[in-house]
Amino acid sequence: MAFVAVAGSLVLLAAACGSGNSGSSSSGGSSTGALDGRGPITFATGKDTSGFLPKQIAAWNSAHPNEKVELKELPESADAQRQQMVQNAQAKSDAFTVLNMDVVWTSEFAANQWITQIPEDKVPDLGKLIPATVETAKYRDKLYGVPITSDGGLLYYRKDLLTKAGVTTPPATWADMLTDCQKVAALPEAKGMSCYAGQFEKYEGLTVNFSEAINSAGGVIVGKDGKPNVNTPEAKAGLEELVNGFKTGAIPKEAITYTEEPSRRAFQDGKLLFLRNWPYVYSLANKTDGSSKVAGKFAVSPLPGKAGPGVSSLGGHDYAISAFAKNKATAVDFINFMASEARQKANLEATSQAPTWQSLYDDPTLGKQFPYLAPLKASILGAQPRPKVVKYGDVTAAIQAAAYGALSGTVAPDKALADLQTKLQSLITN
């Protein structure tokens with residue numbers, strides 16, 4: 001979401017990563033499948049909360065005056081972003097050139113021919129990226145995007161309070177986490193704090209949290225054979241952990257409205273002992289400008305599970321090219337620029353977002369600067385993808401409805417899972 005580097009270095013890197021034909025004119029008559037045409041392009045992305053993305057685009061633009069990139073900032077909500085991208089594609093509009101896509105949208109967009117296949121030899125650094133991230137950009141074994149950031153869920157915890165309560169290691173299981181909360185609750189400084197929260201509003205984040213709970217209990221939503229298999233004892237055990245959390249108050253009732261940002265703010269304000277969230281939270285929660293009450297007081301670990309460390313949903317974003325866009329050759333160069341190791345390192349340093357370059361996780365200097373890289377790498381390598389289905393919009397809506405009903409107490413977990421199984425069977429056909 002953001003990049004940090006000396007301005008002069010950014011310009012040099014932009015020139016190095018871009019094409020030498022920056023002076024070429026637009027060829028608006030290119031076919032939807034061909035990666036040709038040079039000239040101005042647009043970049044459609046979710047709301048940039050880092051504030052640095054425009055500077056990165058400016059660096060590209062200064063080195064490519066005839067191939068400038070215009071930022072098209074979409075809403076913060078992933079669901080709203082997808083809706084605008086789908087509407088643009090259905091209208092066959094060339095308003096968006098490069099799309100910053102959630103990894104779960106690839107199958108839907110590729111199957112509908114809304115994005116352009118990218119030959120792998122057009123992406124020289126592809127083999128240096130974490131293989132699981134590259135797979136998120138593929139549909140039927142063909143590449144339709146380039147992974148720019150990955151994401152693995154992490155457990156943020158108040159290390160200062162756990163230490164004061166005599167707890168020396170972060171929890172590996174849900175039961176351990178609840179026990180730790182009880183120990184910390186006896187401390188005077190923990191008065192008014194809640195135990196745990198994730199993202200439980202009815203949106204894509206709920207699909208992620210629901211999936212992680214089920215996967216961490218040994219269950220699945222969709223099996224390796226591509227068939228729904230969510231009405232199982234394992235899935236029920238995972239869902240009931242969340243349901244019971246709300247019932248007992250271990251998860252605060254207001255968490256039913258939490259998306260990433262409200263949950264982050266709750267943790268930063270000292271209202272939570274544990275928080276499930278993405279890597280981007282790390283740098284924000286550690287700010288010493290007065291915006292965070294927990295700077296220097298927290299640490300991160302893998303998510304807890306039923307019998308041991310849990311399973312994260314594989315998150316992240318891939319850059320794809322709209323099938324209806326002009327100047328696709330420029331788009332490929334811009335994507336390669338943004339995907340470079342130097343740019344991903346800068347993004348990591350600025351925003352703490354997870355890179356897709358394997359080398360960055362093994363850099364000892366970065367490891368000291370960002371202690372969460374080791375658990376983050378483990379989280380990503382062990383992560384499970386959300387269902388890779390063509391009708392993903394309908395599937396995730398069904399998951400959200402079932403999970404929200406159970407968490408809000410309006411539907412029993414058994415019925416929620418049974419109804420979800422039936423709904424998914426009608427949506428997913430092989």
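These are legends for a set of close-up views of one predicted model.

The model is predicted, so local features need pLDDT of at least 70 and side-chain atom pairs count only at pLDDT 80 or more, while totals for chains, interfaces and linings use all residues. Residue numbers run from 1 along each chain as its sequence is written, and side-chain values use heavy atoms, with hydrogens and water left out.

View 1. Helix α7 covers residues 174–185; helices (H or I, at least four residues) and strands (E, at least two) are DSSP runs, numbered from the N terminus. With 12 residues at 1.5 Å a residue, α7 should span 16 Å, and its end C-alpha atoms are 17 Å apart, which agrees. That expected span is 1.5 Å times one less than the number of residues. The buried residues here are W174, M177, D180, C181 and V184. They take up an arc of only 120° around the axis, so they sit on the same side of α7. The arc is that of the directions from the helix axis to the C-beta atoms. Buried means under 20% relative accessible area, exposed over 50%, and partly exposed in between, with a 1.4 Å probe and protein chains only. What do the buried residues of α7 pack against? Their partners are β7 (154–157), α6 (159–164), β8 (194–197), α8 (204–215), α9 (233–248) and β9 (272–277), where contact means heavy atoms within 4.5 Å.

**View 2. Helix α12, mostly covered.** Residues 328–339 make up α12, whose 12 residues reach 16 Å from first C-alpha to last, close to the 16 Å expected at 1.5 Å a residue. How many of its residues are buried? The count is 12 of 12, and among them are K328, D333, F334, N336 and M338. N327 has a phi near 55°, a positive value in a residue other than glycine, and N327 is buried, with a relative accessible area of 2%.

**View 3. R38 meets D333.** R38 lies in the loop between α1 (7–17) and β1 (41–45). At 15% relative accessibility, R38 counts as buried. Its side chain is joined to that of D333 by a polar contact of 3.0 Å. A polar contact is a pair of N or O atoms within 3.5 Å; within protein, one must be able to donate a hydrogen and the other to accept it, and residues adjacent in sequence count only if both atoms are side-chain atoms. D333 is one of the buried residues of α12.

**View 4. Q353 and its side-chain partner.** You'll find Q353 in the loop between α13 (341–351) and β12 (354–355). Q353 is buried, with a relative accessible area of 11%. A polar contact of 3.2 Å links the side chains of Q353 and N347.

**View 5. Aromatic rings around Y282.** A search of the whole structure turns up 14 aromatic pairs. Y282 and F298 make an edge-to-face pair, 5.4 Å centre to centre with 70° between the planes. Rings of Phe, Tyr and Trp (its six-membered ring) pair if their centres lie within 6.5 Å; planes under 30 degrees apart count as stacked, over 60 as edge-to-face and the rest as tilted. This pair links distant parts of the chain, 16 residues apart: Y282 is in helix α11 (residues 281–285), and F298 is in the loop between α11 and β10 (299–301). The cluster consists of Y156, F267, Y282, F298, F370 and Y372.

**View 6. A charge over a ring.** The charged end of R276 sits over the ring of W278, 4.2 Å from its centre. To count, NZ of Lys or CZ of Arg must be within 6 Å of the ring centre and within 35 degrees of the ring normal.

**View 7. D141, with a positive phi.** D141 isn't a glycine, yet its phi is positive at about 70°. D141 sits in the loop between β4 (138–139) and β5 (142–143). Is D141 buried or exposed? D141 is exposed, with a relative accessible area of 69%.
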